[in-house]
Amino acid sequence: MSSKKVIELFDCNRFNQPGPSGFPLLHKYLGTKTLRSVAVVGIGSARLHYDVVSPYSWLGFEVMCRYSRVWDVELKLRPAFLGGVMQGSGNTPPGVVPNKFMYMVKDLNRLAQYFDVPLQAPSDPFEAMFKKGSLSAMRFVAAVQDKQVEQVSRELWRRIWSEDKDITEPASLSEAAMTAGLSASEIDELLTLSTSKQIKDKLKSTTQEALDHGAFGFPLFVCHINGKAEMFFGSDRYELMAHCIGEKWVGPQPGKSAAKL
């Protein structure tokens, strides 16, 4: 099997268990290209669970996209529903605690500069995050095909956390998808699919799998080392995660860091 590691951003996990014959047999019959596409998890792999309503998840998303070009990893996008995770874990969102909310706004301003992500809080973060939420947006992302998930997710993050725009209405989802490069016909198909039982069940399943790993918020990393899963929460665990998968963390912008070295 290829030694290339896999970093998955949570969506589903139906092909990550080695059979009695191990991964070499899968490699023999499926080939390297196909094997990578079905998200086999090997030694030194990790997943990141995310939701576009979470600004800290956007930071983790962009950092891992950058490192996918530096580390010997394959990036897999795995969207889930943060509202379901919060409810399922019994956690309280930081935004509902006044002191935490005020700190979060300042913290995000600092982190946006540090990570070089154009993140800016919407005019009413409470309404955007807790009143409107992200269920329709995440169902839409769950309906998007693998190769397009990165751009669609990024455009939805950009709308809510950079441009102070809606991500709940069909027209808003269409605008984000159009900016991401999808055609009008593709978008119409995705809007219809996103309301289907198939996609609703898919999002429920991926959210439950995140909870099964111990999720209580996003972003959530699950590193697989020698068959053992270890969980890391938050957008400040990259160095430790790199250590776990046998890679090196060189800062939020690895290209610039490498140039300095």
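Residues are numbered from 1 along each chain as its sequence is written, and side-chain values use heavy atoms, with hydrogens and water left out. Because the model is predicted, local features need pLDDT of at least 70 and side-chain atom pairs count only at pLDDT 80 or more, whereas totals for chains, interfaces and linings use all residues.

Two packed helices are described by the angle between their axes and the distance between the axes. Helices (H or I, at least four residues) and strands (E, at least two) are DSSP runs, numbered from the N terminus. Axes are lines fitted to C-alpha atoms, for helices over the stretch in contact, and angles run from 0 to 180 degrees between N-to-C directions. Helix α6 (residues 135–143) and helix α7 (residues 146–161) have axes that come within 9 Å and cross at roughly 165 degrees. This makes α6 roughly antiparallel to α7; angles under 35 degrees count as roughly parallel, over 145 as roughly antiparallel, 65 to 115 as roughly perpendicular and the rest as oblique. The crossing of α6 past α7 is right-handed (a crossing is left-handed if the near helix is turned anticlockwise from the far one by less than a right angle, and right-handed if clockwise). Ala137, Phe140 and Val141 of α6 make the contact with Val149, Val152, Ser153 and Leu156 of α7, where contact means heavy atoms within 4.5 Å. The residues of this contact comprise 6 nonpolar, 1 polar and no charged. In these classes, Ala, Val, Leu, Ile, Met, Phe, Trp, Tyr, Cys and Pro count as nonpolar, Asp, Glu, Lys and Arg as charged, and the others, Gly among them, as polar.

Helix α7 also packs with α2, at an angle of about 140 degrees and with the axes 11 Å apart. The two helices are therefore oblique to each other, and α2 passes α7 in a left-handed crossing. From α2, Pro55, Ser57, Trp58, Phe61, Glu62 and Cys65 meet Glu150, Ser153, Arg154, Trp157, Arg158 and Trp161 in α7. This contact has 6 nonpolar, 2 polar and 4 charged residues.

Between α3 and α10, the packing angle is about 45 degrees and the axes are 9 Å apart, which means that α3 is oblique to α10. Their crossing is right-handed. Gly84, Val85, Gly88 and Ser89 in α3 meet Thr207, Ala210 and Leu211 in α10, a contact with 3 nonpolar, 4 polar and no charged residues.

The largest pocket has a volume of about 840 Å³. On a 1 Å grid over the protein atoms alone, a pocket is an open set of points where a 1.4 Å probe fits, with protein on both sides within 12 Å along at least five of seven lines, and lining residues have an atom within 4 Å of a point. Of its 36 lining residues, Tyr56, Pro94, Met104, Phe218 and Phe233 are the closest to the centre. At least two lining residues come from each of α2 (55–67), α3 (82–89), α4 (98–115), α5 (125–132) and α11 (238–244), and α4 gives the most, with 7 residues. The lining divides into 22 nonpolar, 9 polar and 5 charged residues.

Key: Grid points are joined across faces, edges and corners, and a volume is the space filled by probe spheres set on the points.
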